[in-house]
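Dear colleague,

Please find the structure below, handed over for your own work.

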Amino acid sequence: MLRILAAALLGLVPAHLVYAETAADPLQSPVWNDLARKTFGDAAVVFDGRVKVTVPAIVENQAQVPVSADARGLANVERLIVLTDLNPIQHVLTITPAQSKAEAYISFRLKIEQATPVRAAALTSDGVWHVGGVFLEAAGGGCSSPAMARGDADWTATLGNAQGKVWRQADGTARLRLRVRHPMDTGLAKDNTPAFFIEKFDVKGASGDPLATVEMFEPVAEDPTITLSIKPAASDASINIDGRDNNGNIYRSVVPAPWNQSALTTTSGH
Amino acid sequence: MPVTIDTPPDPHDPSDPQRRQLLRLAAAAFVAPLLPMFTAHAAPLTYDLKPVKLDDGAWMIGGRQEAITFENGGAIANITILDSSEGAIIIDTGPSRRFGEELATLARTLTGKDIARVYLTHFHPDHVFGNQGFEAGKIAAPAGVIKGLQELGNGFSDAMYYIARDWMRGTEVILPSVTVTEGIEDIGGRRLRLLPRAGHTGADLALFEEKSGLLIAGDLAFLDRAPTTPHANLATWRNTLDELSAIDCKLLVPGHGPAESSTRAITQTRDWLTAIESIIVRCFEQGLDMTEAMQAELPAGFASIALARYEFTRSVMHLYPALEASKLPGVGKRSN
């Protein structure tokens with residue numbers, strides 16, 4: 001299997017030899033073959049360690065599990081998707097960088113209904129999906145618990161309130177963090193609340209040039225808090241985000257992107 | 001040199017997985033030829049509680065300096081038993097029904113009397129899920145502990161069953177019937193100063209027994225084991241620690257870690273809280289995401305503290321959301 005994989009990566013065998021079901025799933029998920037067929041169709045799929053998913057070793061809150069999906073080790077990523085094999089809703093989100101204006105990276109919080117593989121799949125311009133992932137150990141219930149907002153009679157007063165910040169970095173990329181108040185109801189909760197979730201963020205420079213699109217689904221945690229690595233123009237004084245939920249509500253955010261923000265330092269310790 | 005009272009060395013040292021594996025294999029090899037049909041059935045689980053004497057008529061059952069695992073059955077918190085002329089006084093009941101029942105039997109054996117009173121220091125499951133070993137009418141806790149257990153108990157129960165599995169068999173959430181308020185309670189010659197405080201959770205109980213000079217701090221104090229923060233308010237916690245450090249105690253029993261004649265547990269807990277808060281705030285201000293902040297370097301001095309990385313990781317998850325909510329600038333509102 002490893003030989004096939006390595007050969008595929010070197011382009012020595014035709015892509016059709018590495019369909020997902022031909023290579024054993026490193027996470028040994030019972031549903032992987034079905035999920036892969038449904039998600040990737042006939043496209044070539046390889047398991048690739050350069051696509052990294054980071055989750056904590058312990059889950060504190062099944063409704064708010066921090067996850068990073070990172071395919072920055074690959075060139076020419078056209079799309080990055082996050083999947084959870086054993087969640088009732090498997091497709092978590094898709095990020096599509098606009099013309100290399102964003103890196104293949106996203107951090108966010110995930111709801112999980114039970115312990116599950118969490119995967120990222122990066123589509124490169126040659127049409128191959130590169131899949132990496134980890135198994136997330138946890139007790140369940142994150143998808144079928146009502147949103148915290150449902151315990152707050154005034155939740156509509158804060159619905160859509162957005163907070164954010166841009167950190168410009170020396171290498172020309174910028175880190176964008178955006179948090180929007182939203183219950184992100186899955187429709188599966190015991191209180192019978194229908195699905196109600198933000199389904200899209202269009203991230204643009206101040207001039208309107210697209211940087212990235214993030215499509216989100218029900219498993220993204222309440223009050224979605226995402227971190228992206230984007231490449232705005234030096235002249236962009238802000239990053240503008242147009243969001244929309246499945247009930248047609250519109251959320252517009254303008255995040256200042258000045259040059260005088262302190263850059264990320266290389267180490268976080270000391 | 002301060003006096004340290006710790007748990008005796010454990011022959012099944014769970015910190016050594018290789019040894020554990022060997023023991024398990026050896027046990028399996030020994031049993032297999034004898035019971036070919038029943039090898040899948042383990043011996044009945046037992047906590048085999050080992051009381052350590054703290055003082056005349058006072059014992060501690062030391063918790064393992066570990067996270068809750070199946071191997072330790074959740075027995076990670078310190079439990080205190082005090083003798084009195086009216087009966088045994090128990091502080092915290094442990095992680096499961098099985099533990100609570102073994103604890104009640106042990107307390108009756110040690111004191112030769114029935115149970116007079118059970119106090120709960122806070123609502124975390126490793127301290128209160130043994131309540132079924134006792135009459136609810138004998139169990140006392142501050143109102144906030146009762147409320148917290150009522151609200152969060154079933155969620156804790158799910159997590160405990162998931163991790164500790166068969167150790168939890170038959171365990172249910174039992175709420176205390178007696179509400180503790182600030183003051184002194186005399187029970188059979190024991191004089192207990194009850195100190196309902198907060199910080200580790202929204203409702204913590206520390207007890208100072210004036211006759212013996214024992215300060216039982218619950219999880220307001222940890223020693224040589226990283227403090228946990230899922231329901232903590234760090235500023236309140238530090239204030240409470242300042243107050244506790246002024247008590248002239250003979251022996252301090254932390255919620256986790258050895259009992260000592262010094263107040264090292266208080267100092268260490270406060271230092272830990274201050275350090276992790278400053279690291280986490282700095283990570284946040286640098287723009288790091290939670291999964292990156294979890295990998296931040298920890299001070300060298302933390303190397304001797306059990307579960308330092310594990311609890312730091314948890315604390316990132318506990319503290320980051322509040323930082324985001326309070327410190328990220330507003331950038332937009334709903335537009336329709």
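The model is a predicted one. In chain A, of the contacts with a separation of 6 or more, 66% are between residues 24 or more positions apart. The secondary structure of chain A consists of 3 helices and 15 strands. Chain A has 270 residues, and 53% of them are buried. Its accessible surface amounts to about 11,200 Å², with 52% of that belonging to carbon and sulfur atoms.

The interface of chain A and chain B

Between them, chain A and chain B bury about 3,300 Å², and 49% of this area is on carbon and sulfur atoms. Chain A contributes 44 residues to the contact and chain B contributes 36 residues. Three kinds of detail may be of use here: salt bridges, polar contacts and the make-up of one side.

The rule finds 3 salt bridges across the interface of chain A and chain B. A salt bridge also joins the side chains of R175(A) and E292(B), at 2.6 Å from N to O. The number of residue pairs in polar contact between chain A and chain B is 24, counting pairs with both residues at pLDDT 80 or more. On the side of chain A that touches chain B, the elements giving two or more residues are strand 3 (65-70), strand 6 (102-110), strand 9 (162-168), strand 10 (174-180), strand 13 (225-230) and strand 15 (250-256) of chain A. Strand 15 of chain A gives the most to that side, with 7 residues. Sorted by class, the side of chain A that touches chain B holds 18 nonpolar, 18 polar and 8 charged residues.

Salt bridges

Over all chains, a search of the whole structure finds 37 salt bridges. A network of salt bridges links E60(A), R225(B), E311(B) and R314(B).

In chain A, the side chains of K204(A) and D242(A) form a salt bridge at 3.1 Å, N to O. K204(A) belongs to strand 11 (residues 198-205) and D242(A) to strand 14 (residues 238-245) of chain A, so this pair ties together parts 38 residues apart in sequence. K204(A) is partly exposed at 26% relative accessibility, and D242(A) is partly exposed at 24%.

In chain B, a salt bridge joins the side chains of E243(B) and R197(B) at 2.6 Å, N to O. Because E243(B) lies in helix 5 (residues 234-245) and R197(B) in strand 10 (residues 190-197) of chain B, the pair ties together parts that are 46 residues apart in sequence. E243(B) is partly exposed, with a relative accessible area of 39%, whereas R197(B) is buried at 17%.

The side chains of K147(B) and E151(B) also meet in a salt bridge, at 3.4 Å from N to O. Both residues lie in helix 4 (residues 143-164) of chain B, 4 residues apart, which is about one turn of the helix. E151(B) counts as exposed, at 55% relative accessibility.

Individual residues

S96(B) is placed in the loop between strand 5 (88-91) and helix 2 (97-111) of chain B. Its relative accessible area is 0%, so S96(B) counts as buried. The side chain of S96(B) is in polar contact with the side chain of Y47(B), at 2.8 Å. A polar atom of the S96(B) side chain also lies 3.1 Å from the backbone nitrogen of F99(B). Apart from neighbours within four places in sequence, the residues in contact with S96(B) are Y47(B), F129(B), G130(B), W167(B), M168(B) and T171(B).

W129(A) is part of strand 8 (residues 128-136) of chain A and is buried, with a relative accessible area of 7%.

D48(B) has a phi near 50 degrees. The loop that holds D48(B) runs between helix 1 (17-31) and strand 2 (52-55) of chain B, and D48(B) is partly exposed at 47% relative accessibility. For L307(B), phi is near 65 degrees. L307(B) sits in the loop between helix 7 (290-293) and helix 8 (308-327) of chain B, and is partly exposed with a relative accessible area of 23%.

With kind regards

Conventions. Residues are numbered from 1 along each chain as its sequence is written. Chains are lettered from A and ligands numbered from 1 in the order in which they are written. This is a predicted model: local features need pLDDT of at least 70, side-chain atom pairs count only at pLDDT 80 or more; totals for chains, interfaces and linings use all residues. Side-chain values use heavy atoms; hydrogens and water are left out. Buried means under 20% relative accessible area, exposed over 50%, partly exposed in between (1.4 Å probe, protein chains only). Contact means heavy atoms within 4.5 Å. Accessible areas come from the Shrake-Rupley method with a 1.4 Å probe; for residues, only the protein chains shown count as cover. A polar contact is a pair of N or O atoms within 3.5 Å; within protein, one must be able to donate a hydrogen and the other to accept it, and residues adjacent in sequence count only if both atoms are side-chain atoms. Buried area is the accessible area (1.4 Å probe) that two parts lose on being put together, summed over both. A salt bridge is a side-chain nitrogen of Lys or Arg within 4 Å of a carboxyl oxygen of Asp or Glu. Ala, Val, Leu, Ile, Met, Phe, Trp, Tyr, Cys and Pro count as nonpolar, Asp, Glu, Lys and Arg as charged, and the others, Gly among them, as polar.
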